[in-house]
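Biologist: I have a structure open and would like to learn how to read it. Where do we begin?

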Amino acid sequence: MLKKTIMLVMFAALSTMAIAAQAKTVEIEAKNSLKFSQESITVKPGEEVTIKLVNNSKLPASAMAHNWILLKADADARKLDEAAASAKANDYVPSDMSDQIIAHTGLVAGGESDTVTFTAPEAPGDYEYICTFPGHFAAGMKGTLTVKAE
C-alpha cells in the first residue's frame with residue numbers, strides 16, 4: 001500500500017511540473033513613452049499565460065500609472081477606452097464592458113507591478129491589448145496577442 005501511495009504522489013508531482021512547464025510567462029514594462037515593451041506576444045490556443053506588468057516610472061501615480069487589458073477578438077478598443085475614462089474607481093476597467101475583456105491587470109503606479117494569469121483563447125487570431133489610463137491608448141499604448149497553433 002505504501003508503494004502505491006508513493007507512486008501516486010510522484011505521479012501527481014510530475015504532472016504538476018509538466019503543467020507548470022507549459023505555462024508561458026511574459027514580463028511587460030509599461031514605459032513613460034506610452035508604449036509597452038512587448039507590443040506583440042504569440043501563444044498557443046488554450047495555453048496558460050501569465051503577464052507581469054511592471055511600471056518603472058518615477059512619476060506620481062496620478063500622472064503615469066498603467067494597466068494591461070486583453071480584449072476579445074470582436075471588442076471595440078476605442079469604445080472600451082472611452083468607457084474606461086469614467087471607471088477610475090475600478091482601475092480604469094469598465095465593469096459594464098467585462099464581456100469584451102479576456103483578462104486584465106490592476107493599475108500599477110511607478111515602482112509597482114501586477115500579474116494576471118489566464119487561458120489563451122482557443123480560436124486562432126489576433127487579440128488586442130491596451131492601457132486604459134486616460135490618454136494612453138489614444139497615444140498608442142497597445143499591442144497584439146496572437147493565438148497561433150504550432
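Modeller: This is a predicted model. Let us begin with charges. Side chains of opposite charge can pair when their charged atoms come close. Here, a search of the whole structure finds 1 salt bridge.

Biologist: Which side chains meet in the salt bridge?

Modeller: Arg78 and Glu82, at 2.8 Å from N to O. Both lie in helix 2, 4 residues apart, which is about one turn of the helix.

Biologist: How exposed is Arg78, and how exposed is Glu82?

Modeller: Arg78 has a relative accessible area of 45%, so it counts as partly exposed. Glu82 has 49% relative accessibility, so it is partly exposed too. The exposed class would need over 50%.

Biologist: Now the aromatic rings. How do I read a pair?

Modeller: A pair of aromatic rings is described by the distance of the centres and the angle of the planes. This structure holds 4 aromatic pairs. Take Tyr92 and Phe133: their ring centres are 5.4 Å apart and their planes stand at 75°, so the pair is edge-to-face.

Biologist: Which parts of the chain does that pair link?

Modeller: Distant ones. Tyr92 is in the loop between helix 2 (77-84) and strand 5 (101-104). Phe133 is in the loop between strand 7 and strand 8, 41 residues apart from Tyr92. Tyr92 and Phe133 are both buried. There is also an aromatic cluster, formed by Phe36, Trp68, Phe118 and Tyr129.

Biologist: And the nonpolar core?

Modeller: In soluble globular proteins, nonpolar side chains tend to be buried together. The largest nonpolar core here has 26 residues. Among those with the most contacts inside it are Ile28, Phe36, Ile41, Trp68 and Phe118. Elements giving two or more residues to this core include strand 1 (24-30), strand 3 (48-55) and strand 6 (112-119). A second, separate core has 10 residues, including Leu71, Val93, Ile101 and Phe137.

Biologist: What is Ile41 in contact with, leaving aside its neighbours within four places in sequence?

Modeller: Its contacts include Val26, Ile28, Ile51, Tyr129 and Leu145.

Biologist: Last, how do I read a sheet?

Modeller: Strands of a sheet pair through backbone hydrogen bonds, either parallel or antiparallel. Here 3 strands form an open sheet in the order 1-3-6, with mixed pairing. Strand 1 and strand 6 are at the edges with a single partner strand each, so one side of each has no neighbour in the sheet. On average, neighbouring strands of this sheet are turned by 20° against each other, direction ignored.

Biologist: In which sense do strand 1 and strand 3 pair?

Modeller: Parallel, over 7 bridges. Opposite Ile28 stands Leu53 in strand 3.

Terms used: Residues numbered from 1 in each chain as written. Predicted model: local features only at pLDDT ≥ 70, side-chain atom pairs only at ≥ 80, totals over all residues. Heavy atoms only, no water. Core = buried A, V, L, I, M, F, W, Y, C linked by side-chain atoms within 4.5 Å. Buried < 20%, exposed > 50% of the residue type's maximum accessible area, 1.4 Å probe, protein only. Contact = heavy atoms within 4.5 Å. Phe/Tyr/Trp six-rings, centres within 6.5 Å; stacked < 30°, edge-to-face > 60°. Salt bridge = Lys/Arg side-chain N within 4 Å of Asp/Glu carboxyl O. Pairing = 2+ DSSP bridges. Axes fitted to C-alpha atoms, helices over the stretch in contact; angles between N-to-C directions.
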